[in-house]
Amino acid sequence: MLLKALIFDVDGTLADTERDGHRPAFNAAFDEAALGWHWDVNLYGKLLAVTGGKERIRVYAQQHDPDFLAQPDANEIIRSLHAAKTRYYLAMLEAGQIPLRPGVAELIAEAREANLRLAIATTTTPENVTTLLRASLAPDSVEWFEVIGAGDIVPKKKPAPDIYLWVLERLGLSPEACLAIEDSTNGLKSAMAARLPTLVTTSIYTANDDFTGALAVLPDLATTRLTDISLMHEINNS
Ligand code: XBP
Ligand code: MG
């Protein structure tokens, strides 16, 4: 079946957002709330096993500060901590501090030229996606993506297939007509559970992840063109 759409993950795939984007934004929110929590580079790498910012905060508290969760309004506090984190993160994006990864803008331009359809499937908050696209790709680039599946729109985040299934349904395409681009084991599992052929570009935290089942594993998209990706897709389908 011919390749009709590319579905991109965001964090780690479009941009290396985690170590120097999401992580300092979480820490700024923790400082603002005077919690005395700090997620260093190493600890954050471990916490990435948990997808979703609110979910990550909860698991950290379970492991390091159980009294925090014993508060009757713990859920509300997590929501407001996460809102503060999103505010800090958006400010970093708007300041242009988080560039796209090598080759990403070029591949998107080639895909548009070839009339491929574009979509996004991510666990991150919707505003984080649209702000990254506007600030780091092009001011009008949100409209280039026909479907943007993000955050709490589905009940189960990656590695569950829900977000990819949600995107496929809105595209009205079978998974065989699409190709997902991911950077992590959780993302690959999610895409594969939705039966999507998946290309992996490894990111700062995911170089040693297990990518069994990926069409290919590349360090980045710097030298990968749409013709290479179409060929990978064709060989996989034959
Ligand atoms: C990355 C994530 C996200 C971000 C934080 O997923 O797990 O949770 O770390 O985003 P993906 P929020 O690679 O699938 O985009 O704080 O907005 O949840
Ligand atoms: Mg990712």
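How many salt bridges does a search of the whole structure find? The search finds eleven. Keep in mind that this is a predicted model, and let's look at some of those pairs.

**Salt bridges across the chain**

| Asp 9 | Lys 158 | 2.9 Å |

Start with the salt bridge between Asp 9 and Lys 158. This pair links distant parts of the chain, 149 residues apart: Asp 9 sits in the loop between S1 and H1, while Lys 158 is in the loop between strand S3 (147-150) and helix H8 (162-171). Are the two partners buried or exposed? Asp 9 has a relative accessible area of 5%, so it is buried. Lys 158 counts as buried too, because its relative accessibility is 4%.

Glu 55 belongs to helix H3 and Lys 157 to the loop between S3 and H8, 102 residues apart. Glu 55 is partly exposed at 30% relative accessible area, whereas Lys 157, at 13%, counts as buried.

Glu 146 is in the loop between H7 and S3, and Arg 117 is in strand S2 (residues 117-122), 29 residues apart. Glu 146 is partly exposed, with a relative accessible area of 45%, and Arg 117 counts as partly exposed at 26%.

**The magnesium ion**

Asp 9 turns up again here. Which residues coordinate the magnesium ion (ligand 2)? They are Asp 9 (OD), Asp 11 (O) and Asp 183 (OD), at 2.1 to 2.2 Å. Along the chain, these donors follow the spacing D-x1-D-x171-D. Asp 9 lies in the loop between strand S1 (5-8) and helix H1 (18-32), and Asp 183 in the loop between strand S4 (178-182) and helix H9 (185-193), so this pair ties together parts that are 174 residues apart in sequence. Both Asp 9 and Asp 183 are buried.

**Helix H5**

Now for a quick check on a helix. H5 (residues 74-94) has 21 residues, so at 1.5 Å a residue it should span 30 Å; its end C-alpha atoms are 30 Å apart, which agrees. The buried residues of H5 include Ala 74, Ile 78, Leu 81 and Tyr 89. Among the elements covering the buried residues of H5 are H1, helix H3 (53-64), helix H4 (66-70) and helix H7 (126-137). After H5 comes Gly 96, which has a positive phi, near 70°.

**The nonpolar cores**

The largest nonpolar core has 34 residues, and those with the most contacts inside it are Leu 6, Phe 8 and Leu 14. Elements giving two or more residues to this core include S1, H5, S2 and helix H10 (226-237). The core draws at least three residues from each of domain 1 (5-16 + 99-237) and domain 2 (18-94). There is also a second, separate core of 19 residues, which includes Ile 7, Trp 166, Leu 173 and Leu 196.

How values were computed. Residues numbered from 1 in each chain as written. Chains lettered and ligands numbered in written order. Predicted model: local features only at pLDDT ≥ 70, side-chain atom pairs only at ≥ 80, totals over all residues. Heavy atoms only, no water. Donors = N, O, S within 2.8 Å, 3.2 Å for Na, K, Ca; no water. Helix = DSSP H or I, 4+ residues; strand = E, 2+ residues; numbered from the N terminus. Buried < 20%, exposed > 50% of the residue type's maximum accessible area, 1.4 Å probe, protein only. Expected span 1.5 Å × (residues − 1). Contact = heavy atoms within 4.5 Å. Salt bridge = Lys/Arg side-chain N within 4 Å of Asp/Glu carboxyl O. Core = buried A, V, L, I, M, F, W, Y, C linked by side-chain atoms within 4.5 Å. Domains from an automatic or database assignment.
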